[in-house]
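Please look over the structure shown below.

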Amino acid sequence: MDNMNENNEELTAEELKSLEKIVNKLPRKKKGGRFLSIVLALAVGFLTGVVYERADSSNGVLVSRKIEKLNKLIKENYYFTDKINIPEATENAYGAYVASMGDRFTYYVPPSSIDDFNQNMTGEYAGIGVEVTVDSDNQIVVTRAFENGPAKEAGIEAGDVISEVEGEKYDGDHLSDAVSVLKGHTGQSVNIKIYDLSEEAYKDVSVIRRAVTAETVDSEILEDNIGYIKISNFGDTTANEFKTHFDKLVSQNISGLVIDLRNNGGGTLDSVVKIADTLMPEGQIVKIKYRNKGDEVYNSDANCFDKKIAVLVNENTASASELLTGALRDINGAAVVGKNTFGKGVVGTVYPIDSESTAVITTGEYFLPCGDNIHGVGIKPTAEVDLPDNVKNIYLLDRKDDTQLMRAIYEIKQ
């Protein structure tokens, strides 16, 4: 091997062996694949299962000496010069380094994904205004069309299956690809083929994209004047959305409250703490143990919702959702109905690396008021209830057929 110029040392055998291991770990580009379990469509999946905090300051990019050496060697000596893409290789190396921690919740966000990441955090994007998930048949299904959004105005409703976008067929294995195509620039149209299960017919729909803020909270009044609030994730706007819906329900003198956190993959710590404080009497919401600073305890004040609460959960209820579930169970005595939750009890902090990239790093663990950390365990329901065996999509269920919701109503009425 040729010696490096400009006072750079020759790579040792040990260094080369280490670099070979890194290269072997580099992610291979795939056409699609689910982005974790749930995607807030058109803002791409909300980074399921992470309680997020934002770091206050940026960290400078640290380029290792080995990467610098390797870049120089390739630039000067690699035979297939047309295949050299140092920036892409370097970004992959950063990703592989973070991935080597073996923690799926610690990851590097490269420049190619930073726009989607920021949109996930703020809930603002240009698109058609829907949420989607993948059903048991591996189909992409609309779970919600936002009020006053372009998709709803074009006739797309919850339960519709998105089978094609711009003439290309998509299924659950290519969810992120479909979402990327559905997003675009304000004023541009996108052609979508949907399957309307209620009519058992395919429809071609053209939707004009526009600026959308993802709606993360929905509500209604159920039987016996019981309030119902569904939270799809905990984003930057969720606490304010929740307060608006909650105040409206309370003004109607609801007799109790069902909070639906099924398929809610988590979100920001700030938003879930504010929501918990609105509902809980005086007490501890959560305690977080960090590596590099003391424990932090978040408490609620005495103002609270003093009627019965039931929380709906399933195997995709994760992180911030589990935090809220556990706090309401421990302090409010809320019933927890459904299936055992995901089991995500760590905090991820968002560290901007530079203007184009970010890292999310696990920086602590959180503990419920009872003292439990549910990482890898989840929360066991106080009333474990399955959905009917023939259910393919929870969002197409009639209320009377939603056995979990019916049990939550029963728990409140007792």
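Predicted model: local features only at pLDDT ≥ 70, side-chain atom pairs only at ≥ 80, totals over all residues.

Residues are numbered from 1 along each chain as its sequence is written, and side-chain values use heavy atoms, with hydrogens and water left out.

**Helix α9**

- Helices (H or I, at least four residues) and strands (E, at least two) are DSSP runs, numbered from the N terminus.
- Helix α9 takes in residues 320-332, and its end C-alpha atoms are 17 Å apart. This agrees with the 18 Å that its 13 residues should span at 1.5 Å a residue, where the expected span is 1.5 Å times one less than the number of residues.
- Buried residues (under 20% relative accessible area, 1.4 Å probe, protein chains only) of α9 include Ala-320, Leu-323, Leu-324 and Leu-328. Glu-322 and Thr-325 are also among the buried residues of α9.

**Nonpolar cores**

- A nonpolar core is a set of buried Ala, Val, Leu, Ile, Met, Phe, Trp, Tyr and Cys residues joined through side-chain atoms within 4.5 Å.
- The largest core has 39 residues, of which Ile-231, Leu-257, Leu-279, Ile-309 and Leu-328 touch the most other members.
- Elements that give two or more residues to this core include β12 (226-231), α7 (238-251), β17 (309-313) and α9. The largest share, six residues, comes from α8.
- Contacts (heavy atoms within 4.5 Å) of Leu-257, not counting residues up to four places away in sequence, include Ile-229, Phe-246, Leu-279, Ile-309 and Ile-412.
- A second, separate core of 21 residues includes Ile-128, Ala-145, Ile-162 and Val-205.

- Opposite Thr-349 stands Ile-361 in β20.

**Positive phi in loops**

- Glu-200, in the loop between β8 (189-196) and β9 (201-208), is a residue other than glycine with a positive phi, near 50°. Its relative accessible area is 62%, so Glu-200 is exposed (over 50%).
- Asn-263, in the loop between β13 (256-260) and β14 (267-268), is not a glycine either, yet has a positive phi of about 65°. Asn-263 counts as buried, at 10% relative accessibility.

Notes:
Pairing = 2+ DSSP bridges.
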